[in-house]
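I opened this model to look up a few things, starting with packing and ending with single residues. My notes follow in the order I made them.

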Amino acid sequence: MSNHSSVHVFKRRDAIKIVVGSVGAAGLAHAQSRAALRVSTPAVPDDWHAKMWTVFKDSLDKSAPGAFDVQINLNGTLFKQGAEPAAMARGNLELAAISAFDIAKLVPEFSIFTAGYVVRDVAHQQKIFNGPIGQEMFKAVAQKMDVQVLATAYLGTRQVNLREARQVRTPADLKDIKLRMPGSKEWLFLGEALGAKATPLAFGEVYLALKTGTIDGQDNPLPTVRAAKFHEVTKQLALTSHLTDAVFIAISAKAWASATPAQQTALRKAAAEAAEFNNKNRLQEESQIVDDFRKMGLQVTTPDVAAFRQTVQAAYLKSEMAKAWPAGLLDRINAIK
Ligand code: KDO
């Protein structure tokens, strides 16, 4: 009897093992056949360049079904802001929206796009990066950084946002203002060129720093001011419009090389659709947001933008950075109408 029952138990366990084993193997085979594409971004969920990754994922799921597993990590939870290019080069990350400032660290000529008042507006930006200059630049990026740029998304026009309202007419009026900038020397240069005391801080720490007064202000495009709720802890927006900013949707060279030509086409299409979604919505929001902020009680002022432009451009032209700009590139950029 006891023998009989042990045989019976053995058989049942075995059967369970076989069933579990076959389901497990099938699940694994399915997961293994899909290439993981990990995305890391400091963007907050409500910002357009966070939402654009869902557009990217949906597009890819349609045009390359079953090929990729896009994993979206927001709020800088996977890699901290600015650490994405190194993570991509190490093979720990496949996708990110990297800034001109990230690129300039490794491709010094790219610092031309970190300079205030070089790119005039979004139309100018898209013509630059979707034309021959973009092609040349992205080739250098691929060679020096092991990442492939797939599309250029408009991050918005950066404005100065202050904790306490004050008269801001020229760069001299920002003297002594502790202006938070992201933490790299190219960003700090921009803050100093605006006349302020630039202070490095990661994006995720800005809200609290504004609230507690560790900093006097920050600069970002207005849709980001709203999405990150900086308007709750600031009183003024000074519309300096000092940088027509971009983020570049980029994939690691390793992930790019592992994709078939058809998958590469699908990846480019997904990036173009994501950028288009971001650009359309961000522009639409920028066109109405000043009124919204005024209604919320923020002071919105327009300084002497010509004075800012002149001071900032002069600072860049005599900077070390400008020595890395290829001869004639600034003229070629300016000539694009
Ligand atoms: C910021 O830290 O101010 C910045 O706007 C810099 C950008 O390059 C980009 O990293 C952006 O933050 C984040 O995506 C958060 O919006």
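This is a predicted model: local features need pLDDT of at least 70, side-chain atom pairs count only at pLDDT 80 or more; totals for chains, interfaces and linings use all residues.

**Entry: helix α5**

I started with helix α5, residues 122-129. What does α5 pack against? I listed the partners of its buried residues: α6 (132-145), β4 (147-162), β8 (236-252), α11 (261-295) and α13 (329-335). Next I asked which residues of α5 are buried. I found Val122, His124, Gln125, Gln126, Ile128 and Phe129. That is six of the eight residues, so I wrote α5 down as largely enclosed by the rest of the structure.

**Entry: the whole chain**

I then stepped back to the chain. I counted 13 helices and nine strands. I took the box along the principal axes, and the C-alpha atoms fill roughly 95 × 45 × 35 Å. The chain has 337 residues, and 48% of them count as buried.

The chain exposes about 16000 Å². Carbon and sulfur atoms supply 56% of that area.

Charges came next. I have 41 positive and 32 negative ones in the chain. Their mean positions are 4 Å apart.

**Entry: the ligand**

Which residues come nearest to the ligand? I found 13 residues around the ligand, and His49, Gln81, Arg158, Arg180 and Asn220 come nearest.

I looked up some polar distances. The side chain of His49 has an N or O atom 2.7 Å from an oxygen atom of the ligand. For Gln81, I read 2.7 Å between a polar side-chain atom and a ligand oxygen. Arg180 also places a polar side-chain atom 2.7 Å from an oxygen atom of the ligand. I then checked the cover: on its own the ligand has 380 Å² of accessible area, and the protein covers 95% of it.

**Entry: Ser111**

I located Ser111 in the loop between α4 (100-104) and α5. Is Ser111 buried or exposed? Its relative accessible area is 2%, so I noted Ser111 as buried. Leaving out residues up to four places away in sequence, I found that Ser111 touches Ala104, Met321 and Trp325.

**Entry: Thr170**

I found Thr170 in the loop between β4 and β5 (178-181). I read a relative accessible area of 18% for Thr170. The cut-off for buried is under 20%, so Thr170 counts as buried. With residues up to four places away in sequence set aside, Thr170 touches Ala307 and Phe308. I also took one distance: Thr170 and Val147 are 23 residues apart in sequence, and their C-alpha atoms are 39 Å apart in space.

**Entry: Ser258**

I read a relative accessible area of 58% for Ser258. Exposed means over 50%, so Ser258 goes down as exposed.

Conventions:
Residues are numbered from 1 along each chain as its sequence is written. Side-chain values use heavy atoms; hydrogens and water are left out. Helices (H or I, at least four residues) and strands (E, at least two) are DSSP runs, numbered from the N terminus. Buried means under 20% relative accessible area, exposed over 50%, partly exposed in between (1.4 Å probe, protein chains only). Accessible areas come from the Shrake-Rupley method with a 1.4 Å probe; for residues, only the protein chains shown count as cover. Lys and Arg count as positive and Asp and Glu as negative; His and the chain ends are not counted. The place of a charge is taken as NZ of Lys, CZ of Arg, CG of Asp or CD of Glu. Contact means heavy atoms within 4.5 Å. A residue is near a molecule or strand if one of its heavy atoms lies within 4 Å of it. A polar contact is a pair of N or O atoms within 3.5 Å; within protein, one must be able to donate a hydrogen and the other to accept it, and residues adjacent in sequence count only if both atoms are side-chain atoms.
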